[in-house]
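User: I have a model open and want to learn how to read its local features. Can you take me through some of them?

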Amino acid sequence: QELTEQIWDDLYDGLADEVAEATEIFLKRGWEPYDILTKGLVEGMRIVGIDFRDGVLFVPEVLMAANAMKAGMAILRPLLIDSGAPQLGKIVIGTVKGDIHDIGKNLVGMMMEGAGFEVIDLGINTDVEEFLEAIEKHKPDFIGMSALLTTTMPYMKVVIDTLEEQGIRQDYIVLVGGAPLNEEFAMEIGADAYCRDAAVAVETAKELVA
Ligand code: B1M
């Protein structure tokens, strides 16, 4: 309890070293990496998000918090990935054009890798040409798109429409996610599934690949 509050505070204050240290302490105390991720880091970022929305925190501070979160994620990454799970399929994933939020996408990538998917991460601000180039090259089972802004989520439809136009939409399973999305939006734009969080992304991918 005390430790989770500590990590939330350190994240809020953008203290990367402290967040890393707290992550190590959680591990030493026997916490599961996934619990540290969700109850510590993701919850901490949720709190940051509230104060960002309310004008208490500003971009530079939130950027520091994001970097602190990444320091914690870097420690958990090998633990989440090294699952020895059999290869289940391949996903090309990116944050869409105009959007630079990458924590959620990175988390999905980590969890997918841990579950046995090969992940090709196109990074942030990914335009349709980059998606097309990557799917041509890697021949994935899934295309994953992330958007955190109401202004960038419509771009997901641009990508899906382009796949349609090129007659290759049916060759891929399209998964979408990000805080401003919902099921309805995902269906409207013609995605195969909306993934509320990283765990749901993994479950959905497992179901759809079978
Ligand atoms: Co930004 N930001 N931000 N931001 N930021 C939000 C999204 C916002 C909701 C904050 C707020 O006002 N409350 C708001 C959007 C409002 C809106 O569109 N309606 C906002 C804004 C306005 C902005 C700027 C415009 C601010 C400005 O410049 N004035 C600017 C835009 C920059 C741009 O992209 N062009 C901006 C910038 C930034 C920072 C750079 C400072 C930083 C990003 C750093 C980084 O990512 N490297 C940042 C951050 C950190 C946030 C908040 C606080 C946290 C986002 C986050 O990392 N969450 C965010 C507040 C919020 O979301 N409530 C906010 C933790 C992460 C684990 O969750 O990303 O939701 P999330 O991912 C989840 C699920 O959504 C899902 O699984 C993940 C794990 O469970 N998921 C997927 C996500 N992607 C998926 C893909 C999938 C499947 C599932 O594919 C298969």
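Analyst: Gladly. Keep in mind that this is a predicted model.

User: Which protein residue is the donor to the cobalt atom of the ligand?

Analyst: Look for N, O and S atoms within 2.8 Å of the metal. Here the protein gives a single donor, NE2 of His-101, 2.2 Å from the cobalt. His-101 sits in the loop between strand 1 (89-95) and helix 5 (103-115).

User: Where is Asn-125, and where is Lys-139?

Analyst: Asn-125 belongs to the loop between strand 2 (117-121) and helix 6 (128-138). Lys-139 is in the loop between helix 6 and strand 3 (142-146).

User: Is Lys-139 buried or exposed?

Analyst: Exposed means over 50% relative accessible area. Lys-139 has 56%, so it counts as exposed. Asn-125 has 39%, so it is partly exposed.

User: And Thr-126: buried or exposed?

Analyst: The cut-off for buried is under 20%. Thr-126 has a relative accessible area of 0%, so it is buried. Thr-126 lies in the loop between strand 2 and helix 6.

User: What does the side chain of Thr-126 reach?

Analyst: The backbone oxygen of Gly-123, at 3.3 Å.

Terms used
Residues numbered from 1 in each chain as written. Predicted model: local features only at pLDDT ≥ 70, side-chain atom pairs only at ≥ 80, totals over all residues. Heavy atoms only, no water. Donors = N, O, S within 2.8 Å, 3.2 Å for Na, K, Ca; no water. Helix = DSSP H or I, 4+ residues; strand = E, 2+ residues; numbered from the N terminus. Buried < 20%, exposed > 50% of the residue type's maximum accessible area, 1.4 Å probe, protein only. Polar contact = N/O pair within 3.5 Å; in protein donor to acceptor, adjacent residues only side chain to side chain.
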